[in-house]
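Subject: Structure handover

Hi,

Here is the model I said I would pass on. Have a look at it first, and my notes follow below.

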Amino acid sequence: MKNNPLLRVMNLKKRFGEKEVLKGVSFNVKEGETKVIIGPSGTGKSTLLACINQLVNPDEGEVWLKDELITQAKDMNKIRQRIGFVFQDFGLFNHLTALKNVMIGLTKVKKLDKNVAREKALEQLRKVGLEREADLYPAQLSGGQKQRVGIARALAMEPEIILFDEPTSALDPELIGEVLYVMKDLAESGMTMLVVTHEMGFARSVSDEIIFMENGYIVEQGSPEKLFKNPENERTRQFLNKLSELYGEGD
Amino acid sequence: MGLGLAIALPLSFGQVYGGKVFKAFVIVYERIFRSIPELVILFLIFYGFPRAGIRFSPFTAVILGLGIRSAAYQSQIFRGAIESISATQMRAARSLGMTKFQGFRYVVLPQAFRIALPPWANEFTIVLKDSSLAYALGVTELLRQGGYIISTSYEPMLIYLTIAAIYFVITFAVNRSLKKLEEFFSVPGFELKESIR
């Protein structure tokens with residue numbers, strides 16, 4: 001099951017004006033795998049995700065989804081349907097109820113019948129435990145609920161991979177758990193996930209592999225055990241130590 | 001008002017999404033028409049265009065004059081409303097596979113519309129009342145009609161009060177129905193205090 005790479009990123013580069021944010025990043029994500037990207041702020045992690053689904057166009061390099069070179073895709077809108085995206089600040093459509101947020105991609109993009117879309121959307125809301133909140137508007141939901149709707153919305157499109165851009169960074173500490181729980185569930189159900197996060201507990205317990213990025217480069221990548229217990233690179237060690245001190249997760 | 005809306009919508013879209021040249025054009029357009037009194041605009045159109053060989057009836061001149069000035073104000077209202085919708089909304093729409101147009105149509109526009117409605121209602125009543133300036137070009141609008149009646153009835157105050165009352169009723173009715181429209185489209189999170197931010 002976990003063999004052929006679903007996503008291949010090759011030598012990706014991006015600069016904004018003078019600042020080179022990505023300096024040549026390459027990695028693979030296999031089907032069913034959960035890969036976590038960690039690293040200090042401003043090292044290009046979010047830009048990397050945005051470059052993968054072409055919300056930001058990379059300057060150089062290739063991104064392959066299965067056997068399609070999507071950096072040169074003719075119809076990127078079609079490709080984006082296959083890549084879910086979960087935003088740090090949720091990105092829920094504020095004028096629509098939770099249910100309609102999940103439905104809109106199905107009705108407007110996939111052109112499904114309204115009733116079919118409603119059923120599918122309800123099913124996804126049920127999965128993230130928000131069936132009862134279906135008719136509430138984003139302004140009526142807590143941060144954790146909003147992000148769970150965001151995940152349901154991405155899931156409803158039945159994507160091949162979901163990209164998470166710091167999904168819990170805008171949440172109060174007590175709301176982080178419910179979102180991580182949903183993500184953990186998802187990972188265990190075999191969804192392919194690429195997650196940018198600062199949640200070391202999640203990285204450690206859920207991910208198959210961790211990528212440590214700094215200054216636009218991948219410094220080190222490997223299994224959670226290896227990175228946490230036995231990092232090759234001095235910077236990785238420093239960064240993880242600092243986080244462990246902060247959150248008391250060293251054991 | 002209709003003409004103003006018809007000009008204003010493309011202007012505001014262009015100002016948000018358009019190229020540099022178009023944006024510059026909109027800025028110049030707005031500066032000019034927001035800086036000239038309505039009455040002067042009316043005279044310029046009515047007496048100016050015939051010199052270039054284009055002749056308007058007074059009525060058409062008034063429609064044009066009110067329309068192009070209101071367009072300048074309305075495009076500001078819409079531009080502000082569109083720009084108040086955070087960029088993440090469009091990014092989220094695109095991430096689902098929507099085209100830029102779909103994202104605008106289904107995500108940005110419905111939200112911008114709700115934010116623009118109250119100031120737009122305000123502009124509507126201003127244009128409605130400014131239609132009395134058509135008097136100056138000899139159009140038989142409410143005020144002139146009143147003048148005719150006064151000349152035969154010799155009851156100026158009664159007639160002027162009646163005209164005032166008619167304007168009041170029309171404006172009041174329009175405002176009320178727009179308010180109803182606002183309530184109809186109201187969504188939690190889009191109350192006025194939210195849109196001021």
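What pattern does chain B follow when read along the sequence? The answer is α-α-α-α-α-α-α-α-α, with nine helices and zero strands in the chain. Helices here (H or I, at least four residues) and strands (E, at least two) are DSSP runs, numbered from the N terminus.

Some housekeeping before the rest. This is a predicted model, where local features need pLDDT of at least 70 and side-chain atom pairs count only at pLDDT 80 or more, while totals for chains, interfaces and linings use all residues. Residues are numbered from 1 along each chain as its sequence is written, chains are lettered from A and ligands numbered from 1 in the order in which they are written, and side-chain values use heavy atoms, with hydrogens and water left out.

Chain B

Of the 197 residues in chain B, 39% are buried (under 20% relative accessible area; exposed is over 50%, partly exposed in between, with a 1.4 Å probe and protein chains only). The chain exposes about 10,800 Å², and carbon and sulfur atoms supply 69% of that (Shrake-Rupley method, 1.4 Å probe; for residues, only the protein chains shown count as cover).

On the surface, B:Leu39, B:Phe43 and B:Tyr47 form a nonpolar patch with about 270 Å² of accessible area together. Patches are made of residues with over 30% relative accessible area and no salt bridge, joining like charges within 9 Å and nonpolar side chains (Val, Leu, Ile, Met, Phe, Trp, Tyr) within 5 Å. B:Leu39 sits in helix H3 (residues 38-48) of chain B and is partly exposed at 32%.

Helix H8 (residues 156-184) of chain B holds both B:Glu182 and B:Lys179, three residues apart, about one turn of the helix. Their side chains meet in a salt bridge (3.6 Å, N to O), the term being a side-chain nitrogen of Lys or Arg within 4 Å of a carboxyl oxygen of Asp or Glu.

Chain A

There is an open sheet of four strands in chain A, in the order E2-E1-E4-E5 with antiparallel pairing (two strands pair if DSSP finds at least two bridges between them). Strands E2 (19-30) and E5 (68-69) of chain A are at the edges with a single partner strand each, so one side of each has no neighbour in the sheet. Two bridges join E5(A) to strand E4 (residues 60-65) of chain A, and A:Leu65 has A:Glu68 as its bridge partner.

A:Glu68 turns up again in a salt bridge with A:Arg82 (2.9 Å, N to O). A:Glu68 is in strand E5 of chain A and A:Arg82 in the loop between helix H2 (76-80) and E6, so the pair ties together parts 14 residues apart in sequence.

Last one: A:Thr197, in the loop between strand E8 (193-196) and helix H7 (200-206) of chain A. A:Thr197 is buried at 2% relative accessibility. Leaving aside neighbours within four places in sequence, A:Thr197 is in contact (heavy atoms within 4.5 Å) with A:Val36, A:Ile37, A:Ile38, A:Thr168 and A:Phe202.

Cheers
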